[in-house]
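My notes follow in the order in which I looked things up.

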Amino acid sequence: MNSEIKKLHDQLISMHQSLARRLGTTSDLDEAEAILREMEELNFRVMMAGRLLFKETTATIDDGIGSIIAASADVEKAIKSVARVKDLIKTVGQFLGVVDKTLDLIKQL
Amino acid sequence: MIKDRRFRHAAAVLSVAAVFVVLVGCGSTNPGSEVPPFRQAVVTADQQTSSAFADVNRFLRGQQIEHALTQPTLNEDLFFEALPSEDLAKWSRAFSLIDSYGEKLELLLGEGQRSGVEGELSVLGQKIQEVDGDQLPAGISAAFTRFGGLLVQLKAERDAHKAIRKADPAIQQVFSAMMEAIGEDAGSGVRGTVRVAWAQILARISVEYLRDSSQSARRLVVGRYVEALDERDAEDRVLGSLRLSLASLAKAHEELAYDRSGSAGALLQLIQDEYKGYREELKAIRERRGADSTNGGTQ
């Protein structure tokens, strides 16, 4: 995914990193505090962009769910088809039982 | 004579069937034994994701509190769920659906399907003998019962493979999206957001260092700085390991779909154990620091 939100998230992270590097080289407290305030705002926006990015990526997960449900339904059908085979064999067995009884009756005639 | 011919015919059918079973059996691996560990790994990944994301949300909420303290006014726009609950619920639902799909596969490939059919065939064999009155040669009825069971097993395996192949692109898409959301490195996705929050914590400590001029005070600040670095790295290892778990799950499913013998299954177990190790490490760091994790440890 290369969305606008991802680009924004990347850009904000990169800006935060630049400021962190600058902070690491200054020994002036006033300048450091000013950089820290900027970084605080950027950090907040990274969280906001990160939230949107997470929502966007999660939507892609949701898109794939439909196909998994379809495959799951196919497996269910296959299970039912085995059950049908079992039922069919059982029915034939029951039918043969009836035939057996009928033959017995005919023999008594 | 008739009985003998019937026996030869049945034996020939069984021979052909045996060859067929061997040939079909050689063509594919039985996914039946690989589905249960896959399902177990999906459930574990679901639990690990939930706890890791709950941790991330607590940590980032702490950072929002720190940010609010720098603002002239207080309002609710300053606070939000960094990873929204409704999206976390979607992740959980995706894991549940994959597990439910695995459960059905397990049922289809389970011994119960085959033995159920064999049971019915055995009853049918007895009925046939009762009706006919003419006994089948010894062993033939049992052999047909077993053959029927094998056919059902082969059909179940073929159906399962078909479904697994159908599901595979979507499964790959889901796990790939999850991996992307977590972030392929410490600078992207959730890992990127968390890393920036840690950079902010480190920046606050750096400014404290400038404010404190005494050597002893600075020593304490440096100690906190180093602890924060350790915790940052441990937290990233947890998220990185989680991402690797998802990659292995995707690989394990791909192996199931394309009959490749599984190296992913064993790897998955290793990674999930590694994840537990990283969680323990993170817990130990936090306990050592003795601070509340909601503020990310260090302000």
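I call a residue buried if 20 or more other C-beta atoms lie within 10 Å of its own. I also keep in mind that the model is predicted.

Helix H3 of chain B. I then checked the length: at 1.5 Å a residue, the 25 residues of H3(B) should span 36 Å, and the end C-alpha atoms of H3(B) are 36 Å apart, which agrees.

The contact between the chains. I looked up who takes part, and the contact has 62 residues from chain B and 51 residues from chain A. On the side of chain B that touches chain A, helices H2, H3, H4, H5 and H6 of chain B each supply at least two residues, and the largest share, 17 residues, comes from H5(B). By class I noted 38 nonpolar, twelve polar and twelve charged residues on that side of chain B.

Chain A. I noted two helices and zero strands in chain A. The radius of gyration of chain A is 35 Å, well over the 13 Å that the globule rule gives for 109 residues, so chain A is more spread out than a compact globule. The C-alpha atoms of chain A fill a box of roughly 120 × 25 × 15 Å along the principal axes, and 28% of the 109 residues of chain A count as buried.

Notes. Residues are numbered from 1 along each chain as its sequence is written. Chains are lettered from A and ligands numbered from 1 in the order in which they are written. This is a predicted model: local features need pLDDT of at least 70, side-chain atom pairs count only at pLDDT 80 or more; totals for chains, interfaces and linings use all residues. Two residues are in contact if their C-beta atoms, placed from the backbone, lie within 7 Å. Helices (H or I, at least four residues) and strands (E, at least two) are DSSP runs, numbered from the N terminus. Ala, Val, Leu, Ile, Met, Phe, Trp, Tyr, Cys and Pro count as nonpolar, Asp, Glu, Lys and Arg as charged, and the others, Gly among them, as polar. The radius of gyration is taken over C-alpha atoms; the globule rule is 2.2 Å times the number of residues to the power 0.38. A residue is buried if 20 or more other C-beta atoms lie within 10 Å of its own, exposed if 12 or fewer, and partly exposed in between; C-beta atoms are placed from the backbone. The expected span of a helix is 1.5 Å times one less than its number of residues.
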